[in-house]
Amino acid sequence: MRKYYAIIGKPVSHSSSPRMHNSAFEKLKMDSIYTRYLLNDGAELKKKFLSLGLSGANVTVPYKEDAFNQCDEVMGIAKDIKAVNTIILNDKKLIGYNTDAPGFMQSIKEFYPLKSALILGAGGTAKAISLAMKKNGIYVSVVNRSEKRLKAFDAYGFDLFTWDSFTPKSYDIIVNTTSAGLNDDSLPMPKNMLDKLLSNAKFAFDVIYHKDTPFIKMCKDYNVTYKNGKDMLLYQGVLAFELFTGVAQDDSLICAFRDGLELG
Ligand code: NDP
């Protein structure tokens with residue numbers, strides 16, 4: 001019987017997830033369809049998931065915490081992050097996972113071994129990435145422009161700074177998780193601090209994936225080896241696909257996802 005999956009969020013029109021998953025379904029000749037659903041009220045997430053007859057879904061901004069709260073069971077690192085981006089239906093129950101965190105770790109494998117990381121920003125993505133890095137033995141520091149969102153990191157034992165309390169030093173990798181540069185030309189922190197950080201860093205990563213941000217341009221100027229967020233997006237999808245279908249990832253599955261992603 002045909003199975004249905006969807007990306008649920010607001011907005012969803014820009015999402016590459018349907019193209020990636022449908023490309024894999026086509027390659028594996030599976031009778032499944034992945035679509036998109038614009039949800040206006042996060043409180044309705046579980047009800048909508050069930051009424052749409054979905055076998056699984058990905059959840060994006062701004063509903064990952066609603067998904068965490070509404071799943072019947074939450075697995076793995078999603079419990080620590082308190083955010084769910086992948087839901088599967090199992091025995092009429094919604095089971096929630098977070099594949100953003102392991103997807104990020106898979107996307108930085110070529111940078112291993114890493115001992116220390118500085119995360120710029122303290123939003124939802126910063127939380128997923130910093131907890132995943134900590135679980136993988138990397139010493140994590142977080143710096144955010146303001147104090148408020150850093151409070152959510154108090155329990156995790158990271159070094160926490162605002163711009164005011166931060167003094168740049170040497171880190172193996174600098175990860176920009178802020179939305180600076182997404183729709184403007186701003187840097188994620190004052191340039192004089194980034195000058196010092198990038199002249200001492202081995203690697204850099206920007207979670208933004210559809211453009212060269214001012215941060216990435218600075219990485220090029222400093223000859224720092226960098227990646228953007230495209231592979232993170234790809235691997236969170238591949239890992240969700242494994243949960244949806246039970247098909248373990250291999251080169252051909254990754255290739256199908258890459259083909260879907262390249263379609264736009
Ligand atoms: P949040 O809104 O939860 O957090 C945004 C963070 O960015 C906050 O810490 C905020 O600081 C900081 N910030 C925003 N603007 C600036 C600025 N101009 N200068 C400095 N800091 C700034 O966002 P998310 O964590 O949900 O998303 C962040 C980014 O990650 C987005 O660009 C999103 O597209 C991308 N993303 C990429 C993924 C991928 O697969 N590649 C997956 C998920 C997200 P403050 O607290 O002071 O407001």
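The points below go through the cores, the helix contacts and some backbone features of this predicted model.

1. The largest nonpolar core of the model holds 31 residues, and those with the most contacts inside it are Phe104, Ile108, Met133 and Ile173.

2. Leaving aside residues up to four places away in sequence, Phe104 touches Ile129, Met133, Val175, Phe205 and Met232. There is also a second, separate core, which has 22 residues and includes Val238, Phe244, Phe257 and Leu261.

3. Ser107 belongs to helix H5. Its relative accessible area is 0%, and because the limit for a buried residue is under 20%, Ser107 counts as buried. When residues up to four places away in sequence are not counted, the neighbours that Ser107 touches are Phe205, Lys227, Asp231, Met232 and Tyr235.

4. Helix H1 (17-27) and helix H10 (residues 251-262) have axes that come within 7 Å and cross at roughly 135°. The two helices are therefore oblique to each other, and the crossing of H1 and H10 is right-handed. On the side of H1, the residues in contact are Arg19, Met20, His21, Ser23, Ala24 and Lys27, and on the side of H10 they are Ser252, Leu253, Cys255, Ala256, Phe257, Asp259, Gly260 and Leu261. Sorted by class, this contact of H1 with H10 contains 7 nonpolar, 4 polar and 3 charged residues.

5. A further pair to examine is helix H7 (residues 191-200) with helix H8 (residues 214-221), whose axes come within 10 Å and cross at roughly 45°. That angle makes H7 oblique to H8, and the crossing of H7 and H8 is right-handed. Lys191, Leu194, Asp195 and Leu198 of H7 make the contact with Phe215, Met218 and Cys219 of H8. By class, the contact of H7 with H8 is made up of 5 nonpolar and 2 charged residues, with no polar ones.

6. The bond from Lys10 to Pro11 is cis, with omega near 10°, and Pro11 is found in the loop between strand E1 (3-9) and helix H1. The bond from Val61 to Pro62 is cis as well, with omega near 0°, and Pro62 is found in the loop between strand E3 (56-59) and helix H3 (64-70).

7. Lys29, in the loop between H1 and strand E2 (32-38), has a positive phi near 50° although it is not glycine. Lys92 is not a glycine either and has a positive phi of about 70°, and its place is in the loop between strand E5 (86-90) and strand E6 (93-97). As for accessibility, Lys29 is exposed, with a relative accessible area of 74%, and Lys92 counts as exposed at 76% relative accessibility.

How values were computed:
Residues are numbered from 1 along each chain as its sequence is written. This is a predicted model: local features need pLDDT of at least 70, side-chain atom pairs count only at pLDDT 80 or more; totals for chains, interfaces and linings use all residues. Side-chain values use heavy atoms; hydrogens and water are left out. A nonpolar core is a set of buried Ala, Val, Leu, Ile, Met, Phe, Trp, Tyr and Cys residues joined through side-chain atoms within 4.5 Å. Buried means under 20% relative accessible area, exposed over 50%, partly exposed in between (1.4 Å probe, protein chains only). Contact means heavy atoms within 4.5 Å. Axes are lines fitted to C-alpha atoms, for helices over the stretch in contact, and angles run from 0 to 180 degrees between N-to-C directions. Helices (H or I, at least four residues) and strands (E, at least two) are DSSP runs, numbered from the N terminus. Angles under 35 degrees count as roughly parallel, over 145 as roughly antiparallel, 65 to 115 as roughly perpendicular and the rest as oblique. A crossing is left-handed if the near helix is turned anticlockwise from the far one by less than a right angle, and right-handed if clockwise. Ala, Val, Leu, Ile, Met, Phe, Trp, Tyr, Cys and Pro count as nonpolar, Asp, Glu, Lys and Arg as charged, and the others, Gly among them, as polar.
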